[in-house]
Amino acid sequence: MWNRIKSWIETRIGLNEIVRSQLTEYRVPANINIFYAFGFVALILFVVQALSGFFLLIYYIPHSDHAFRSVQDIMTVVPYGWFFRQIHVVGSNLMVAVVFLHMLSVFFMHSYKKPREMTWLAGGFLLLITLGFCLSGYLLAWSQLSYWATTIVTTIPTAFPYIGGFIAKTMRGSESVSGVTLNRFFALHVSLLPMLLAAIAGLHLFLIRRIGISAPPFGADGVKRPWTEYSHDSHPGGIPFYPDFVRREAFMVVIFFAIMFFVITFMPTLFLPLDANTPADPLKTPAHIKPEWYFLAPYQMLKLVPNRFLGISFQMIIVTVFLLWPFFDTKEEDNILKRPYLRVVFLIAVLFWIILSIWGKYS
Amino acid sequence: MKAESLSAFSRGMRHLVFFLGLLIPVVASSPGKAETYREMFEKEFLTKPWAGEQAESNVCLECHDSEVMKKPELRKIPEEWKKSWHYEHNVSCQDCHGGDPKDAAMAMSPQRGFAGSPKYNQVPDFCGKCHAGILKQYIESGHGKALRASGSGPNCVTCHGSHAIQKADIDIINEQRCTQCHSYERAKEMKQALFLTEKKIKGIEDELAILKVGGVFTEQEDATLFSTAAEFRTLFHSVDVSLIKKKTDEFSEKLGKIEAKARKTSRELVFRKNFSAFFFLLFACMSAVLFLLSKTPKE
């Protein structure tokens, strides 16, 4: 029966040829390491988010009068609703972490260098879209935590003179965070952002396949090419994508699933503290409002820079430089271990981010 | 190599300096030079209620807290109130005393409903504006009758205090307080009658608090417990031991239902933990298998 199905498909689309060219005979660098699997883990986590989000969407009511109650019903009344919500909540945080790690490892491996500038740029936009997902999804629970964290974040654009108020009002749809904001964020979260993410992730994957996976710069020196014209980086001496590299990717995926279920089992309130369990009250400002961990560093930086506009502009410059980094860094050397200045800058930047995040958390 | 590295960086830095240069005129024209950024942030980001409702000034508090108030007992009212159960539940000056806390000139005007401080024998009616059920029980009780008859029996303030009022618990019945007017025997009997039910209420409160910390929304249980406990404590104001003993079973049953629901939710949390632990172990084992597979020597 199985053979008949296979044969039926083979006759129509030539499945064997696809499997051979795209999986078994597709080569990746022999010295490829486990960090190259972060991108695939991020993709799987996005699929998990989409699926768990679909189940939440069945019961969620995007209205300020019902949103909190519907989320609580998902947690208590809907059979296994808590399970899907926990997967969605923990999965979103893991997704941000994985995308961060992916970009850091790509930076460290210098995989953004010519001819992969567009791949890096697409990856950078994917990171911003992921953060957009987190921001918009955070409000949907309509709890004290989500309401006031969103209030802080949507207040940040007011730092821009002249247009700041307009940007903040456009985001909120009203003077303050309200039911209109909830509707806007809901529409973004379930419609526009998924389409954008799918499109840019498609472009990202296309570029990776079209150009070929970059080789890690460490160990044996690879063939250096001037890249004056397009050619696929085929790694003839490499290992097969399937099963060798797929096995490593699967290993990383199950590790992240294990982390996800560890958090759900032993730290179920890590991302859902008491304020996340209290209905939003626009008239009652909680004593300490803190953004989520991935926004703590920019939050702390905003507090430290002695001018609001300068603070936010400085951050935008950092983001822009980060996104356009392949165009700034045109040096041919692709081994960061042979670039002491860049290595120091890289380490200082990571350390700075960690310190600011911890400072932001406890300040 | 170092020279090349430096030249790439210097190019990058030039771009950065260019961007920063563009910012200078706008920064110079932007507000906030006089105030430190931290102050502005605290004011505009953290303390301003963005929902549109501005923090309202309260002239009652401002006046009572100022030099204008000569009598120390009147001056300490705001401080006492801020520590009270009323404060925690947004019960403010005008809710009891009337008046207009937004208008200094008319704050104490009878036209704005200012009632001032009640006389000793008016206190039960004063508090009973909100605590109507308790007032009814109190009026029919020995305490209420004594106040009406002699004008000197215990009123609400005798046991609960006034501005620093705290959440009432069973220890409010104590020898020191009760023996101010009569022997402790009868009060002791009353305390014993209340003890088990109060203990049960406290136990359920603790259980619900644990559930809340565990991420469970207990609004319905909280509301049921609150109304049941309030109803039970209302009964106490009758100072009728036989009535309390008679009603204890009824309240026990009501509390038992809330307790059963809380226990069921606790069991559900344990199930959730076991359920997700299964997936954790499953994926942990899968990762171990995949790790071993990747280490298996190839043919």
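B:Lys261 sits in helix H15 (residues 241-295) of chain B; helices here are DSSP runs of H or I with at least four residues, strands are E runs of at least two, and both are numbered from the N terminus. This is a predicted model, in which local features need pLDDT of at least 70 and side-chain atom pairs count only at pLDDT 80 or more, while totals for chains, interfaces and linings use all residues. Residues are numbered from 1 along each chain as its sequence is written, chains are lettered from A and ligands numbered from 1 in the order in which they are written, and side-chain values use heavy atoms, with hydrogens and water left out.

With a relative accessible area of 37%, B:Lys261 comes out as partly exposed, the class between buried (under 20%) and exposed (over 50%), using a 1.4 Å probe and protein chains only. Leaving aside neighbours within four places in sequence, B:Lys261 touches B:Gln220 and B:Glu221, a contact being heavy atoms within 4.5 Å. B:Glu221 lies 40 residues away along the chain, with 8.1 Å between the two C-alpha atoms.

As for the rest of chain B, there are 15 helices and zero strands. Of its 299 residues, 31% are buried. Among chain B contacts with a separation of 6 or more, 57% join residues 24 or more positions apart. The accessible surface of chain B is about 19,200 Å², with 60% of that belonging to carbon and sulfur atoms; areas come from the Shrake-Rupley method with a 1.4 Å probe, and for residues only the protein chains shown count as cover.
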